[in-house]
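Have the structure open and follow along.

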Amino acid sequence: MIVFRYLSREVLLSMLAVSSVLLVIIMSGRFVRYLSKAAAGELDPSVLFAIMGYRLPGFLELILPLGLFLGFLLGYGRLYLESEMTVLEACGMSQKRLVAYSMGPALLVAVVVGVLSVFVSPYGASETNKIFDEQESRSELESLVPGRFQKNQNSARVTYTDSVNENGELGLVFMADRNQSTKRLQITLAESGSMLTDTERDQRFLVLEDGYRYEGVPGKADYTELGFKRYGSEVERKNQEIRYDKVEALPTSVLWDSDEPKHRAQLNWRLSLPVLAIVVTLLAVPLSRVNPRQGRFARLVPSIIIYLLYLTILSNMTSKVSDDEAAPIAIWMVHFVFALFALNMIVFGRFWSRVFNQIPMPTLRMPWSKKTS
């Protein structure tokens with residue numbers, strides 16, 4: 001048990017370090033994307049952290065298997081580099097026993113990934129899509145950003161305001177639109193504005209106060225001017241596309257009782273992610289065996305290529321099942337083929353070691369390093 005705890009700690013610490021870095025990189029990129037939408041008025045800034053929180057399980061279910069795979073490569077690679085694994089082998093640690101010990105952290109990660117993919121991620125995807133639906137159903141004025149000219153997606157109207165207070169009241173308002181019948185440009189200026197809701201008809205109106213409205217053709221003197229004390233205009237809601245019932249957001253129980261190809265593909269994808277963690281462990285154990293002269297990262301590049309090939313084929317098979325071009329068994333055949341390949345590398349480890357040792361690896365030289373004679 002001392003050796004088992006030592007190996008598990010080495011792998012899990014490396015996995016947590018790699019997974020944390022990958023998670024920060026992915027979430028930072030996605031957060032910047034959402035932040036740009038918030039700056040453009042498409043999202044309310046107050047919902048950004050809620051969206052990221054609900055998206056976190058979906059990120060983790062894909063990051064953890066990769067982190068586990070790299071954790072074995074880095075953790076066991078260090079043991080081979082410092083000859084600790086050689087000492088363990090001299091004390092009776094066979095390759096089969098090493099694989100058995102490696103199944104401990106692999107099963108732990110597989111259980112976590114299974115809970116995330118089957119239960120937590122669908123709930124997070126559903127809540128995220130509901131937030132997006134609520135944001136898209138907001139009216140044009142509810143998404144206004146002070147100091148920015150914003151164009152309505154449903155028309156050619158451009159709206160600007162210099163301030164919006166906590167009650168939703170607008171400061172100086174500028175609106176540019178085009179008359180649908182005469183095609184003449186309409187410019188509206190007002191000192192202030194506010195929202196008025198007709199609950200009986202479920203309609204919203206923008207009420208402008210103390211302003212002027214100009215209508216005409218740019219470059220011509222033929223225009224009309226209209227002054228108003230109060231002026232009301234109906235505000236259209238954005239076209240709402242309901243997304244919370246997408247396949248990714250459906251509960252697993254609903255997918256289990258469905259015979260639709262997309263539902264079957266999504267169900268088998270969720271169930272296959274824990275299996276992915278087990279298979280990559282079988283792949284990582286023989287791939288982590290490095291020659292101390294080659295360095296710790298000698299097999300990192302070919303190992304990542306194998307992992308990407310595995311994940312790409314698995315994703316393509318899932319797409320084929322979703323399009324009803326293949327049966328769900330095709331997804332599990334991918335796992336079976338790569339598991340056989342991993343077992344082959346474990347049994348014939350010396351042969352595969354010679355194969356990987358013959359792969360040329362580029363030598364990295366730092367700019368400040370000096371040549372020695």
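In this predicted model, Tyr-214 is partly exposed, since its relative accessible area of 28% lies between the 20% and 50% limits. Tyr-212 also counts as partly exposed, with a relative accessibility of 44%. These two tyrosines form a stacked aromatic pair, with 6.5 Å from centre to centre and 25° between the planes.

**Aromatic pairs**

- The structure holds 11 aromatic pairs.
- Tyr-310 and Phe-338 make up a stacked pair, at 4.4 Å centre to centre and with 20° between the planes.
- Tyr-310 belongs to helix α7 (residues 300-322) and Phe-338 to helix α8 (residues 329-347), so this pair ties together parts that lie 28 residues apart in sequence.
- Tyr-310 counts as buried, because its relative accessibility of 0% is under 20%.
- Phe-338 is buried too, with a relative accessible area of 9%.
- Elsewhere, ring pairs join Phe-149, Tyr-160 and Phe-174 into a cluster.

**Helix α8**

- With 19 residues at 1.5 Å a residue, α8 should span 27 Å, and this agrees with the 27 Å between its end C-alpha atoms.
- The buried residues of α8 include Phe-338 along with Ala-330, Ile-331, Val-334 and His-335.
- Further along, Ala-339, Ala-342, Met-345 and Ile-346 are also among the buried residues of α8.
- As a reminder, an α-helix has 3.6 residues a turn, so residues three or four places apart point the same way.

**Helix α7**

- The 23 residues of α7 reach 33 Å from first C-alpha to last, close to the 33 Å expected at 1.5 Å a residue.
- Pro-302, Ser-303, Ile-306, Tyr-307, Tyr-310, Leu-314, Thr-318 and Val-321 are the buried residues of α7.

**How α2 meets α7**

- The axes of helix α2 (residues 48-81) and α7 come within 11 Å and cross at roughly 150°.
- Because that angle is over 145°, α2 is roughly antiparallel to α7.
- The crossing of α2 past α7 is right-handed.
- On the α2 side, the contact is made by Leu-62, Pro-65, Leu-66, Phe-69, Leu-70 and Leu-73.
- On the α7 side, Leu-300, Ser-303, Ile-304 and Tyr-307 take part in the contact.
- Two of these α7 contact residues, Ser-303 and Tyr-307, are also listed among the buried residues of α7.

Notes. Residues numbered from 1 in each chain as written. Predicted model: local features only at pLDDT ≥ 70, side-chain atom pairs only at ≥ 80, totals over all residues. Heavy atoms only, no water. Phe/Tyr/Trp six-rings, centres within 6.5 Å; stacked < 30°, edge-to-face > 60°. Buried < 20%, exposed > 50% of the residue type's maximum accessible area, 1.4 Å probe, protein only. Helix = DSSP H or I, 4+ residues; strand = E, 2+ residues; numbered from the N terminus. Expected span 1.5 Å × (residues − 1). Axes fitted to C-alpha atoms, helices over the stretch in contact; angles between N-to-C directions. Parallel < 35°, antiparallel > 145°, perpendicular 65-115°, else oblique. Left-handed = near helix turned anticlockwise from the far one by under 90°. Contact = heavy atoms within 4.5 Å.
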